[in-house]
Amino acid sequence: MAGGVVLDGELTRLVPTTESDLDLLAQWFASPDFVEHWGGLPISRAEVAEKYVGRRRPRVESFLVLARSTPVGYAQYWRAGAAEGGIDMVLGPEARGRGLGPDAARVLLAHLGGNLGWRRVTVDPVRGNQRAVRAWEKAGFRQVSSEAEDLLMEFRFPEGRLN
């Protein structure tokens, strides 16, 4: 469980979301530019409160993505089993193309594999979101299927690695 765990990368810091982040997250998730590839439709404040401020812990861990202490996006990981699960991430338009996504993904992978002992992590970017696909690839993910409009990409930790 990450509850309270801050994760530091080279370019980003991930801090657990709290109820005090609701206004910011509700603003972001109401913006079509922010949710363009996150379901495509703005999300209500009630749904943001239910899903993105930490109320689903420990099954889903939610984070603000910070760049130089400025919030620039949202990331979460969710458990699908004892040693695997998935990551979802969205950055604001002003944060895209700066290497922040791959950095935040690597930070999450280090935590999931190193601290939690996960063996496999998946992501499912929208097929047409080539920027996200490239960012996940830079973090080490590889495409394993391309059904429907989403791609399935995975990261597998090497067998026999030291945690």
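Hi everyone, let's start inside: the largest nonpolar core here has 31 residues, and those with the most contacts within it are L14, I87, L108, V121, W136 and F141. By nonpolar core I mean buried Ala, Val, Leu, Ile, Met, Phe, Trp, Tyr and Cys residues joined through side-chain atoms within 4.5 Å, where buried is under 20% relative accessible area with a 1.4 Å probe, protein chains only.

At least two residues of this core come from each of β3 (60-67), β4 (70-81), β5 (84-91), α3 (100-115), β6 (120-123), α4 (130-138) and β8 (152-156). The largest share, seven residues, is from α3. Helices (H or I, at least four residues) and strands (E, at least two) are DSSP runs, numbered from the N terminus.

A quick word on the model: it is predicted, so local features need pLDDT of at least 70 and side-chain atom pairs pLDDT 80 or more, while totals for chains, interfaces and linings use all residues. Numbering runs from 1 along each chain as its sequence is written, and side-chain values use heavy atoms, without hydrogens and water.

What does I87 touch? Leaving out residues up to four places away in sequence, its partners include W78, L108, V121, W136 and F141, with contact meaning heavy atoms within 4.5 Å.

There is also a second, separate core of 17 residues, L22, V48, A49 and L66 among them.

In soluble globular proteins, nonpolar side chains tend to be buried together.

Conventions
Buried < 20%, exposed > 50% of the residue type's maximum accessible area, 1.4 Å probe, protein only.
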